[in-house]
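Please look over the sequence and the model first.

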Amino acid sequence: MAPPAYGDLSKACRDVFNKGFHFGIFKLDCKSTTCGGVEINSGGTHTFVEGKVFGSLETKYKVPSYGLSFSEKWNTDNNLTTDITCDDKIAPGLKATIEAIFNPDSGKKNGKLKTQYKHTNATIDAVLGGGDEANMLLNGSVVLGYQGWLGGYLIEYDTSEGKLNKNNFTLGYCSGDFQIHGNVDNGEDFAGSLYQRVSNRLETGVQLSWTAGGENSPRFGIGARYLLDSCTAIRAKVNNQSQLGLAFEQKIKDGVTLTLCAMVNGKEFQAGGHQVGLALELEP
């Protein structure tokens, strides 16, 4: 089995800290599939403080016999995005994607060419993208895996200005229910994460990061997700800024999930700054 892509390293730990926490917004996600096999995803968010509303609509159609998938997406910023992906047909393990973004209001255009190759002990990604007001960027990454050990490198090069934007390294170990990762970004940002599935009901995670010479270093947090039963889950996380996040997830019925969350600012409890959030997910 191929190792994960660079962007998916330590994903299990990030999900413990990010999934189910929608502070300060109301979020609605709807998923459906037509009888013809077209996947339709729509969603929107409303921020309580600013009152801003953002929505999107996406359709996706797959042609499995040719390894092709076609995706069209529109959002309330009036950006139109088209993706065409060919997976495992050009060569075994190779996936290629062409992405085009167009804004009819401004006439601005952006595009990307993405490729990914997976082998038993390696995953290689390369992305070339640019646009009318964006420099041409070349992004490449490789992750090597052997007996649970993972090592990765990511680079981003600005071809327009001839400079290196990103120069990142990561090292980790993954063994079923236990994962540990560490990374260094641009030689100045350091981070580490630990994920443990204690049981079928309990997941825990720890995150630590600091910046060389940074004013707010270090940053530390612990989080957990616990299944009360097959339809109910609770989440909690806390960091060294005394910010406590709580979430309650309830599967009302098949295809309908409601999430309530709150963030308490313990450092300035009397001053306020606390937030609540609500999310509703509908799927077939």
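The model is predicted.

**Helix H1 and its cover**
- Helix H1 spans residues 11–18, and its buried residues include Ala12, Cys13, Val16 and Phe17.
- After H1 comes Gly20, which has a positive phi near 85°.

**Nonpolar surface patch**
- Tyr61, Phe70, Ile84, Ile98, Leu113, Leu128, Met136, Leu138, Tyr157 and Leu164 make a nonpolar surface patch of about 880 Å².
- One of these patch residues, Tyr61, belongs to strand E3, which covers residues 53–63.
- Tyr61 has a relative accessible area of 38% and is therefore partly exposed, since exposed requires over 50% and buried means under 20%.

**Cysteines**
- The whole structure was searched for disulfides, and 0 were found.
- Cys30 is in no disulfide, and the nearest cysteine sulfur, that of Cys261, is 18 Å away.
- With a relative accessible area of 24%, Cys30 is partly exposed.
- Cys174 is likewise in no disulfide; the nearest cysteine sulfur belongs to Cys13 and is 12 Å away.
- The relative accessible area of Cys174 is 30%, so this residue is partly exposed.

- Asp88 has a positive phi, near 65°, and is a residue other than glycine.
- The loop between strand E5 (80–87) and strand E6 (94–102) holds Asp88.
- Asp88 is partly exposed, with a relative accessible area of 45%.
- Gln147 is not a glycine either, and its phi is positive at about 50°.
- Gln147 sits in the loop between strand E9 (134–146) and strand E10 (149–158).
- Gln147 counts as exposed, because its relative accessibility is 64% and the cut-off for exposed is over 50%.

**Ser175**
- Strand E11, residues 163–175, contains Ser175.
- Ser175 counts as partly exposed, at 38% relative accessibility.
- From C-alpha to C-alpha, Ser175 and Ala247 are 28 Å apart in space, and they are 72 residues apart in sequence.

Methods
Residues numbered from 1 in each chain as written. Predicted model: local features only at pLDDT ≥ 70, side-chain atom pairs only at ≥ 80, totals over all residues. Heavy atoms only, no water. Disulfide = S-S within 2.5 Å. Buried < 20%, exposed > 50% of the residue type's maximum accessible area, 1.4 Å probe, protein only. Patch = residues over 30% accessible without salt bridge, like charges linked within 9 Å, V, L, I, M, F, W, Y side chains within 5 Å. Areas by Shrake-Rupley, 256 points an atom, 1.4 Å probe, with all protein chains shown as cover. Salt bridge = Lys/Arg side-chain N within 4 Å of Asp/Glu carboxyl O. Helix = DSSP H or I, 4+ residues; strand = E, 2+ residues; numbered from the N terminus.
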